[in-house]
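Here are some friendly notes to read alongside the model. Keep the structure open and look up each residue as you go.

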Amino acid sequence: MGTKKPPSLVRSAKARPTPLRQWTVRRDGLLARLSAEASGMQAIVIEAPPGYGKSTVMRQWLEMRTEQGWRTAWLSLDVLDDEPGRFASLMIGAFPGLCRQSVILGSGELQEIEDVVDRLLSHDFSERPAALFIDDFHVVTNASIHRAIGRLAAQAPEGLQLVMSSRIALPMALAKARLAGAVMVLRESDLALDAAEARRLLGNICKREIDPGQSERLRHRAGGWAAMLQMAGLALEASESPSLFVDEFSGTDVEVSRYLCEVTLDLQRPEVRRLLLATSPLDMFSPELCTALTGLENARALLAEIEDRHLLLIPLDRQRRWFKYHALFREFLESRLDVDHPGEKQRLLSAASTWFHGVGEVELAVEHALRADDHEKAAAFASDRVTDIALNRGEHATVQRWISNLPGEIIDRYPSLKIGLAWAFTFRQRHAEAGRLLASVEADVQAALNLDKITEEQAAETLSTCDMIRAIAATAADRYAVAGKLFRAFDRKWTRTGLMEQASIIIGNAYTALALGRPREARRLLEQSDDVVVRSRAPYAYGWSSIVKARLALFEGKLTEVVEKSTIALESKDVDLRPVGFVRELMSACLAEAHYEANRLEEARQAMDEAGEAALGHVTVELGESASRVLARLAMASGQVEEALSILRRSIGLAQQAGLPRLVDLLGGEMATCLIRAGRLEEAFLVDQEMGLSQPTTEEFAASMDMRQLTQARLSLARGDIGRASRLVATLLNRVRSTGQVRLEISTLCIAAGAQAQLGDAAESRRLATQAKLTAAQAGFRRSVIDEDYLLNPLTERQPTPTPDFALPDVGAVGGLNGLSHREGHVLTLISQGLTNRDIAEALVLSEETVKWHMRNITKKLNARNRTHAVQIARQSGLLH
């Protein structure tokens, strides 16, 4: 796991528009119609059988949009993309082209297509419009992808246009959008070539002028079908009697297209025919792969010849590294291969699988091996990378699909397949299934050990991995007491394990200690893990080490340390160690929380973009709560209360699906808090009633007792039950101070200030409020104070009397001091405590310029030379003590 794979050339090719071929006819009439009728459409859907030029029209529309200043992105799909996580990753790759945003999502629930669509729907495209082109959408059968893309087509924001092609009618709910005039659908009748276009196409293919009458007869017979006319042009070029060929051009569409394919194939030289048939079973191929399959050293030149002769070969990138055949031609070639060379298809697919594996395209290697029914090879290749794909890439559905297509007796010979699937189940919160798989692996290993098929060392390596997954699964399932026991048992049982396993166990134990409120133990374990993590060269272990360090620094209120550690991890110069997949996503979520608390909202939004909204899917309770809270509060900071509530509702739904009641409770508390801040108290009380937030804390919620009591204190204060609120914050304040939870300490002080204000003790209220602001200023937690404005701002409005710390003499008692305001008294007191202008600005949530303005007023009113002199005068006069 320590080697970082280079970007997949196959995936890169999918993200590039199909290059237009030289003989392609420009569809001026259709483009003009699109410009007139579809410029403001949310979606353009092109539905037609193969060969009607769907991709060509999309490509030409993309060029026109680009010339008009639109941003564009392109996706070419194949059957491998019919998987939500993989489809989501392709969509994510389109983000920079559409909205100049980089988004990295991770695994399973952390990489949902719905979240990618949500991100696009929420983006503002008004300044510069964008168009997303998705070619060959018919390969997608997954219902969740259909729903998500259907929603994108129907609800696309102004300035975003979705353009899709499909061979079949799309199974999407677009009827309402069509009736509203937001979706335009083009079918074969719209795509059919007109007389002028048909004549130009035939002329381009034949490289000469075509008789208008012959051209029209061919067009009429083909119904304007571009692919049929293309093949007719090839046959016409080779025909000794063009007029006779035109006369004989009859029959059903299937007969004619097959006849033309036969003619096209028979016109080629033997080595070209050999290459065409050998590559027909493949979804895509390169010159190097062609050479490997055929032994033809001149494969690149032959492909260039095929393209020059206008055969139905489609280059997938400008560099001509990857190609595919037009669907009609490929189907014919594949059927011809079956007839001429029975059994050859399986051999070619198996050979292609070996080649793909050799160049690092493991997914394609496995897929081709499965198609060849070479299950042994598929299992061997999958076992090499299944854990990496599950852990770092997060394509859990792909892992499940591979294994479901393999016979049980072969899976039993590759414990790594079961282990990879167990990882996938663990991070999709399917712990029971993961447990059954691990038990099966352990039984297989014991049986193999008894038969002397494996060594003691090999058995120990596999069994220790099973125990490691169990312990980490307990952490992910919010069973920290169990996890702690499993981590300790691992240390006793497995004294000789791999570095990645050692690092993972120590880090998991540190995370568990922190979750249980033992920061010193967590820090000790992290220090112990540093050397092991670096030596392991495992990005997974390194990434989780960085996450736990960031969480510990957040716990202790060290925001600068969070930013430094997160940035170093995410931008590590050691590329092999840089966290990837969902680990990188969670690291970005930690960075977002630090930026948010420092009131750097734009940086927080950017970090959440890097994490993706799918971070709401969580891996642990703490990370899920953090990501959801930050995202919801960013929405609140923008005045989007409903958006914040929607985020929290969705997160609660995910937590319920995952069986994490404590996370449900925490997110319910955050929802009640948002409603209280928005002044919607009845709704907050309803949430409390439905979720039981004010009920006594049970053992199930013991790990989050502090946050639970904070919510209960807020609700009590909102109800006017000041006594209960005061008792809760009194005990809570002592506890969070003893454990060092700065953010909770600030919030608790603010609630305590609000309670004292309602009791009428203005002096104590202001003392507590100032203490909260000073604590926030010292730690840099500016947002923790700003978010409590609903508690702190009314204090100034209702209680204008200064607190004892800022006590000013009666106006008549001290001449010359009349007019010093309440805010100026705050500033003067903080100056006397040695705070800088920046510290004062953060404590009082002001700009530094405002603090300087207050300082000028103070020195003027006190007739002081400078700030030091002002403090001296105030103390001598009894204004400060």
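1. Let us begin with one serine. Leaving aside residues up to four places away in sequence, Ser350 touches Ala372, Asp374 and Lys377. Ser350 itself sits in helix 18, which covers residues 344–358. Is this serine buried or exposed? Ser350 counts as buried because its relative accessibility is 14%, and the cut-off for buried is under 20%. Please remember that this is a predicted model.

2. Now look at Asp373, in the loop between helix 19 (362–371) and helix 20 (375–393). Its phi is positive, about 60°, although Asp373 is not a glycine. With 54% relative accessibility, Asp373 counts as exposed.

3. You will find Asp478 in the loop that runs between helix 25 (456–476) and helix 26 (480–493). At 17% relative accessibility, however, Asp478 counts as buried.

4. Next, follow helix 28, which has 18 residues, 519–536. From first C-alpha to last it reaches 25 Å, close to the 26 Å expected at 1.5 Å a residue. Where does helix 28 bend? The bend is at Ser529 and amounts to about 40°. Just after the helix, Arg537 takes a positive phi of about 55°.

5. Which residues of helix 28 are buried? They are Pro519, Ala522, Leu525, Leu526, Ser529, Val532, Val533 and Ser536. As you read that list, keep a general rule in mind: an α-helix has 3.6 residues a turn, so residues three or four places apart point the same way. The buried residues of helix 28 pack against helix 27 (499–515), helix 29 (539–556) and helix 38 (722–739).

6. Now for the nonpolar cores. The largest has 189 residues, and Leu275, Phe285, Trp423, Tyr540 and Trp544 have the most contacts inside it. Helix 29 gives the most to this core, with 11 residues. A second, separate core has 37 residues, among them Val45, Ala73, Ile134 and Val185. In general, nonpolar side chains in soluble globular proteins tend to be buried together.

7. Finally, step back to the whole chain, with its 46 helices and 7 strands. Of its 881 residues, 59% count as buried. Among contacts between residues at least 6 apart in sequence, 71% join residues at least 24 apart. The chain exposes about 35400 Å², and carbon and sulfur atoms supply 50% of that area.

Note on methods: Residues are numbered from 1 along each chain as its sequence is written. This is a predicted model: local features need pLDDT of at least 70, side-chain atom pairs count only at pLDDT 80 or more; totals for chains, interfaces and linings use all residues. Side-chain values use heavy atoms; hydrogens and water are left out. Helices (H or I, at least four residues) and strands (E, at least two) are DSSP runs, numbered from the N terminus. The expected span of a helix is 1.5 Å times one less than its number of residues. The bend at a residue is the angle between axes fitted to the seven residues ending there and the seven starting there. Buried means under 20% relative accessible area, exposed over 50%, partly exposed in between (1.4 Å probe, protein chains only). Contact means heavy atoms within 4.5 Å. Accessible areas come from the Shrake-Rupley method with a 1.4 Å probe; for residues, only the protein chains shown count as cover. A nonpolar core is a set of buried Ala, Val, Leu, Ile, Met, Phe, Trp, Tyr and Cys residues joined through side-chain atoms within 4.5 Å.
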